[in-house]
Amino acid sequence: MRFSHGAAAFLTALVLPSCSGDEPFEAPAPVPEKAAPPRSGKEVYMLLCATCHGETGDGKGVAQLDRPARSFLDGGFSFGNTKEALYRTVSNGIGGTPMPGFAAALSEEERRRVVDYVISLGPERPPEAGDAAILEVGDRPVVVRGQFHPLASGQAPITRGVLVGTLDGLSWLYDASDVRLLAVRQGSFVKRTDWSGRGGTPLELLGKPVHRSTSARPAFSRTDSSSPLRARLRSTRLDGAHAWVRYELLDDTTKLATLRERGEAFGTLTFSGYRRRFEVTDGGSGTVAMELSAAPAGESFVGKDGTHWTPTQDGDRWVVYGVRVDGREDASAIARDHGLAARLDLGRDLRWTVTTLVLPDAKPESLAKLKEEA
Ligand code: HEC
């Protein structure tokens with residue numbers, strides 16, 4: 001609608017209060033700035049993805065990467081083919097590769113739009129033929145127990161495993177006999193070859209490993225003697241969007257505490273990985289060491305939220321561990337003879353997080369960048 005000059009003046013006269021005498025002039029309340037309208041999938045793609053994945057989606061972007069970005073022209077995604085799986089990949093990134101997560105940089109709407117755009121770059125796909133043997137995580141976490149195929153060839157199968165699939169597209173495999181976290185994977189969830197025989201045939205893990213625990217040691221040990229503590233699985237519990245694994249920690253037969261833990265994807269602007277949250281739910285006593293990794297390979301630093309980060313090296317990349325204990329500034333990882341551990345006072349340290357970031361390389365610049373972001 002357009003107003004003639006006269007009509008505009010008339011409207012102004014109606015709207016503006018008349019200022020008379022020394023009545024204070026009240027500035028009109030600031031009009032809240034409208035959130036920018038979401039950009040189209042293509043706009044987002046050209047702005048944030050094309051440097052690595054190429055303007056046409058052929059995977060040949062201008063960015064120099066040690067590991068090529070993916071071409072989207074042929075369809076077929078190794079971290080899951082569904083829209084939801086792609087959304088999770090774009091939100092959380094892929095640990096250990098240059099693919100960053102965009103949860104902080106893009107709104108949900110824009111992430112969904114860019115996913116649609118990425119799909120549109122590929123061939124027109126026939127409607128997905130659902131594989132009845134594949135179990136995927138929907139809008140609630142999923143827990144399955146059973147026997148699992150070995151994680152690597154030549155290894156023994158995992159006879160009693162607990163696999164937790166979380167909403168962020170990660171899956172967490174625990175050994176039920178000692179509640180050790182054996183592997184964190186990303187992508188599709190699990191395949192069962194025989195749904196009828198309960199636990200008869202081993203389950204096949206889908207997705208790709210984000211990180212595999214290299215330690216055969218139990219997760220917890222005594223701080224004084226390094227002798228391992230026992231963990232006994234009590235239950236797994238779904239609590240809304242979260243899945244908790246609850247277990248008792250025992251020194252011989254003495255119960256030190258009941259703990260629960262859950263995992264979630266975690267990333268900075270550039271780097272991806274995962275975070276485990278721990279809580280003492282019952283009867284904490286004693287000081288214990290929680291094993292994290294092999295020996296540190298660089299100086300520790302403290303992040304903005306108080307997380308103490310310590311780099312380690314795993315082959316040709318950095319794996320950086322972060323420890324943060326609620327209400328404790330001084331808590332940090334400690335180096336022990338066999339590696340890096342977190343020292344915890346179960347009576348006082350009721351909640352803590354352990355974060356693992358898997359960097360794509362082992363360059364000093366990458367650590368410097370993490371220091372800025374973390
Ligand atoms: C810094 C470079 C970089 C940027 C920026 C980047 N990616 Fe990636 N992306 C990669 C690399 C490298 C991979 C392959 C990771 C691997 O080795 O599996 C990848 C993988 C992916 C995958 C997984 C494909 C699969 O097989 O499941 C998707 C989806 C994806 N990127 C989407 C995007 C989108 C959408 C954007 C922009 C919002 C984006 N990427 C920005 C580097 C990048």
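**Iron site and helix packing**

The site of the iron atom of the ligand is octahedral, with angles of 87 to 179° among its 6 donor atoms (six donors count as octahedral if opposite donors are over 155 degrees apart and all others between 65 and 115). This is a predicted model, in which local features need pLDDT of at least 70 and side-chain atom pairs count only at pLDDT 80 or more, while totals for chains, interfaces and linings use all residues. Residues are numbered from 1 along each chain as its sequence is written, and side-chain values use heavy atoms, with hydrogens and water left out.

**Iron site**
- The protein donors of the iron atom are His53 (NE2) and Met99 (SD), which lie 2.0 to 2.2 Å from it (donors are N, O and S atoms within 2.8 Å of the metal, or 3.2 Å for Na, K and Ca).
- Histidine 53 belongs to helix H2 (residues 41-53) and methionine 99 to the loop between H3 and H4, so the pair ties together parts that are 46 residues apart in sequence (helices are DSSP runs of H or I with at least four residues, numbered from the N terminus).

**Helices H2 and H4**
- H2 and H4 pack at an angle of about 90°, with their axes 8 Å apart (axes are lines fitted to C-alpha atoms over the stretch in contact, and angles run from 0 to 180 degrees between N-to-C directions).
- H2 and H4 are therefore roughly perpendicular to each other (the term covers 65 to 115 degrees).

**Helices H3 and H4**
- The axes of helix H3 (residues 83-92) and helix H4 (residues 108-121) come within 9 Å and cross at roughly 120°.

Methods. Helix = DSSP H or I, 4+ residues; strand = E, 2+ residues; numbered from the N terminus. Tetrahedral: all angles 85-135°; square planar, octahedral: opposite > 155°, others 65-115°. Parallel < 35°, antiparallel > 145°, perpendicular 65-115°, else oblique.
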